[in-house]
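Hello,

Here is the structure for you to look over. My notes follow below it.

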Amino acid sequence: AVLSRGGVDVSLVARGAHLDAMRENGLRIEEFGGDDFTIDPVNATDDPAEIGPVDAVLFCVKMYDTIHAAELCKPLMGNNTMVVTLQNGVESVDMINSVLGAEPSTGPAPGLGQALGGAAYISATIVEPGVVKRNNQMAKIEFGEPDGTISRRATAFAKTLKDAGIETAVT
C-alpha cells in the first residue's frame, strides 16, 4: 500500500474475504498515530497469471506455504524479476529458488538466484477484510543477495522502496 501511495505500479495477490473487500472498497491502512490512507482502486487478484511479469515480488507468506506460493509466482517471472522473501526462516531463499530457478541466464545479476533474503520489521494486523492496522511506528525492510554481495538489482529496488517512504537497508 505504501509503494502504491508512492506512485509505484503495485499488484496484490490475495484471496477470500480480504480480496473481495479490497476489490469493493480498496485497501485501508490505519497508521500507528494517524495518517490513515486508502488505496482505491487497488489492483488485487487471486490469480498471478492476470498480472504477468513484474520487476519484483515481495514474498510474504507463512513458511508452510512457501513452495505452493512460489509455484503461483511463475507467471510473475520475467528475465529480470527478483523475489524478495520477507519470511521467518533461513530456508526460504533455497526453497523459492528450488521452484523458480537458481541461475537466471540474463538480467542484471546473471548467476544469482531469483530470491533475495530479507526481513520486514513491522507489526500489523488485518483488523477486518480490506483493513490493515499498523501496531507501532517501526517499519523497515532489510534484504540482500544470499552470497552477501550488494547487487545492482538490490540497490535499485531499495531506491524504489526509499522513494516511496519505506526505510530500507541492503545487507
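This is a predicted model: local features need pLDDT of at least 70, side-chain atom pairs count only at pLDDT 80 or more; totals for chains, interfaces and linings use all residues.

Cys60 is in no disulfide. The nearest cysteine sulfur to that of Cys60 belongs to Cys73, 10 Å away. A disulfide is a covalent bond between the sulfur atoms of two cysteines. The count takes sulfur pairs within 2.5 Å, and the Cys73 sulfur, at 10 Å from its closest cysteine sulfur, is therefore too far for a bond. The surroundings of the two residues are as follows. Cys60 is exposed, with a relative accessible area of 53%. Cys73 is buried, at 7% relative accessibility.

Now the strands. S5 covers residues 56–59. S5 pairs with S6 in the parallel sense, over four bridges. Within that pairing, Phe59 has Thr85 in S6 as its bridge partner. Between S5 and S6 the chain passes through helix H3, residues 66–73. This β-α-β crossover is right-handed.

S6 also pairs with S7, which spans residues 115–128. That pairing is parallel too, over three bridges. Here Thr85 stands opposite Gly117 in S7.

Which way do the side chains of S6 point? The strand runs over residues 82–85. Met82 and Val84 point one way. Val83 and Thr85 point the other way. All four named residues are buried. In a regular strand the side chains alternate between the two faces of the sheet.

Best wishes

Notes: Residues are numbered from 1 along each chain as its sequence is written. Side-chain values use heavy atoms; hydrogens and water are left out. Buried means under 20% relative accessible area, exposed over 50%, partly exposed in between (1.4 Å probe, protein chains only). Helices (H or I, at least four residues) and strands (E, at least two) are DSSP runs, numbered from the N terminus. Two strands pair if DSSP finds at least two bridges between them. A crossover is right-handed if, with the strands pointing away from the viewer, the path from the first strand over the helix to the second runs clockwise.
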